[in-house]
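Subject: Structure handover

Hello,

Here is the structure I promised to pass on. Please open it first, then read my notes below.

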Amino acid sequence: MFVICLQGQKICPYSVILILTKLYDFHLGSVTESSLWRSMDYGTTYERLNDKVGVKTVLSYLYVCPTNKRKIMVLTDPEFESSLLISSDEGASYQKYRLNFYVLSLLFHPSQEDWALAYSHDQKLYSSFDFGRKWQLVHERVTPNRFYCSNPQIIYGCLFVFLFLGPTVCQYMTCRAQACSESNRVFPFPGYIETNSLVVQDDYIVIQVTMAGRASYYVSYLREPFVRIKIPKYSLPKDMHILSTDQGQVFAAVQEWNQNDTYNLYISDPRGLYFTLALENIKTTRGLGGNNMIDLYEVAGIKGMLIANRKVENQVKTYITYNKGRDWRLLQAPSTDLEGNPIYCVLPFCSLHLQLQMSENPYLSGSITTKSSVPGVIVATGNIGSELSYNNVGMFISSDAGNTWRQIFDEEHNVWFLDKGGALLAVKQPTVPTRHLWISFDEGQQWTRHSFSAMPLFVDGVLVEPGMDNQILTFFGHFSDRSEWQLIKIDYKSMFTKRCTEGDFQTWHLHNQGEPCVMGQKQLYMKRRPGVYCMLGKESSRILSVEPCICRAHDFECDYGFERRGDGNCMPAFWFNPATVSRSCSQGQNYLNSTGYRKVAANNCTKGVKEMYTARKQQCPNRPPRGLQLATRDNKLTANLGSNVTFVVQLEELDFGDGTAVSYSNLSWTEEGIRHVYRSAGIFRVTALAENTLGYDSTSLYLHVTYHPLYTVHLLNFSTKTKKKQLCKGSISHVFTAEGMNTVTVQVSSANSLLQDTKTIAVQEFFKSLLLSFSPNLDEANPDIPEWRQDVGRVIKKALLQIADIPADQLLVAVFPGIPTAAELFILPNKNQSDARKRNEEDLEQISEILVSALNQNLVEFELKPGSRVIVYITQLTLAPLVDSIPRHSSSAMLMLLSVVFLGLAVFLIYKFKRSLPGSLHAKVLNRLS
């Protein structure tokens, strides 16, 4: 076991190599010895430094300052002692400093060379401003690997700290590095966040908050206040990984509620706020540390080019995109094999598939390799066939950015770029001992074999490209499991005949299957002519010219809330109402009205269709308020007597329910919340009201203020001001005496936990209904949550209205909880019709016959997502009397307008009532949790 510090690999300077070796005793299960080695001639000779660090000192880790590579820190093994060795002369001499804590990890400041953070075994964070000589405590209970140095441009260097508060909740904190006292600590996000969810990358900070089992994500762009990330409504993430933030947007892998071994790729707008789907069902593999590795590879040197392995109908296939996921296609297999025999592989039934795993050993190349200094050259392990396979694999190369491919080996190899990318080095996988290496100067068309060892060596790694103007390789490995480490130095400078001149280069146009415009521009590159054995200079320009292209449709992706249909157009998703975007508008202000498209981030096209696809500035419409929301800061519906309760609303008036009301004319500061202290215990109805000259909107919640933990109760509150409370046995009944719309609020509490949901009930004297079922593909998209059933019910109603000329207010659709998905269609009398009841009953029968006929002919269908059409079937007529003509019945019939209270009681609210006909009308709510 050893750690290498190499010149040019962000660590050691000049020609110095530092190697830390450790002897691991498998019987004891720990490291018992270590040695520190130093070379000043780039690996020709080594000096053992144990006498300078302490003959009996056991070392654990080696760190080098990223901004001054002469400065080195070496940690001792905490099993023996807790000390830090510091060198300021490239590791030639060391000073030893005792520590009163055990260091688990170090983090250097990105610009201040003497600043560092140390994380201890007991979850404490320390800071040093003299390169580790003195340390001071920053904070206790800090989450491991969730502390950052940020804003290097600020002279004081802001430290981002993640506070650990308990097993499942944390709080995000920032403070100045040299002034992190309690009074100087800032909490940019007001509430608790998920453990290990803090990610700080480039211009973005992302956190996760989980409430009632659902994860929500928040982003801070350019260190501005946090805003909730908008992901398509029914992705319902189980897990999210931030993959990249270096292209002016966020790439995120999201595992949705119905995924187990795949993730979906989402990309954001430049602010990291609105995410759209780029590719579904990307394969994952389990890494050595147990982490999920996403099979997605960002090609170096070419902006917007990605390669991914996608699972399609239980087969994994490799896809490539040149415009950040707007369009994907399979890889065309080579036309011939290594012997020149033709390969018969026809798309889409057969294609080339690549392994996309990155090596967890930094000194091996991994299964795919690209380099920014050699744009367009891709080397990867793969296979040809109908799907990705890990048997009968070979090595493949593309010299034109994935348009065409050639096979270069029929066995798996590690491949590195030499001489700034001008040459390729290949060595067999370390599972097989070898004496040979292969080098190519013509992008893999021809290879020359060279021996580098007298005996076959298991190659554990290769040190390549030191970053200075030399051509040196260092192989390290072992001859057998019991042999010592072997280091072999190779100077390959003699292979070159001269330094490259202008005539040794040729131009190359980046293209996508002949299309010259990639990411909105034409790009002309320069590269060395194949077969020319010249040495590249220290700085060699690779891109000659860039010319913007006229904007076309493929330069634009679907905007948030829109999906690309089969005809290529972006249309609103079934859950999305484009009008909601402007709800935050105030009268007299403007907003950007989306056309359904947005330009691919970093795309440089101009003119063309740009104006047609770009969002248009429009004046905010005058309309009454709607969509008002009210919640407590911690999303709880319980509070202790005398505590300060913070309500989060967008409102003009708030009635706290205990006789106190507050009005606001300027709402800009209410994002911080409105605080109120309750002086008496009870259940209070808190109401928020928003109004303007065109109308108003209001919303309520019920807050339990108690002296002690709550007992389990059910509370059903009707809009008629009736309140009913009952322990968990029996049921709750209510008699409706008139037709109309009624709001029902249900609360369930247990100990200090309380849940609330509100639904609307339509009360009618008589109606007719049909039971509906659906094609099986609807079940695959059913997360079995209330809001999904509500949105799907709206889509079903829209599909029914398209095949029959029926007033919209005469149809109601309630989708039932559970799978298989089922629904009930309610046909209501025309409320504007004043004819006799018998005429209304006849009209309902006629409408029912029309709908039944259409359903029996499979004429009712809808598209839930692109390529997935759902057919609606009729199951049977409901068994209950649908039209009540019994004269002794004096009350009104009841049905649910919106299916599914969170308790899963919708079916019972409908059916229990209808089974009670004819007779006294009431609704029974069963004490059964879903």
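Which residues form one aromatic cluster? Tyr274, Tyr560, Phe562, Trp575 and Phe576 do.

A word on the basis. This is a predicted model, where local features need pLDDT of at least 70, side-chain atom pairs count only at pLDDT 80 or more, and totals for chains, interfaces and linings use all residues. Residues are numbered from 1 along each chain as its sequence is written, and side-chain values use heavy atoms, with hydrogens and water left out.

Aromatic pairs

The whole structure holds 29 aromatic pairs. Rings of Phe, Tyr and Trp (its six-membered ring) pair if their centres lie within 6.5 Å; planes under 30 degrees apart are stacked, over 60 edge-to-face, and the rest tilted.

Phe452 and Phe475 are stacked, at 4.4 Å centre to centre and 20° between the planes. Phe452 sits in the loop between β38 (448-451) and β39 (458-463), and Phe475 in strand β40 (residues 472-478), so the pair ties together parts 23 residues apart in sequence. Strands are DSSP runs of E, at least two residues; helices are runs of H or I, at least four; both are numbered from the N terminus. Phe452 and Phe475 are both buried. Buried means under 20% relative accessible area, exposed over 50%, and partly exposed in between (1.4 Å probe, protein chains only).

Salt bridges

The search also finds 29 salt bridges. Each is a side-chain nitrogen of Lys or Arg within 4 Å of a carboxyl oxygen of Asp or Glu.

Arg38 and Glu90 meet in one, at 4.0 Å, N to O. Arg38 lies in strand β3 (residues 30-39) and Glu90 in the loop between β7 (83-87) and β8 (95-98), so this pair ties together parts 52 residues apart in sequence. Arg38 is buried at 7% relative accessibility. Glu90 is buried too, at 10%. A network of salt bridges links Arg38, Arg70 and Glu90.

Glu845 forms a salt bridge with Lys768, and their closest N and O atoms are 3.2 Å apart. Glu845 is in helix α5 (residues 837-856) and Lys768 in strand β66 (residues 768-774), so parts 77 residues apart in sequence are tied together. Is Glu845 buried or partly exposed? Glu845 counts as partly exposed, at 36% relative accessibility. Lys768 is buried, with a relative accessible area of 10%.

Lys283 and Asp295 also meet in a salt bridge, at 3.3 Å, N to O. Lys283 and Asp295 are both buried.

Best wishes
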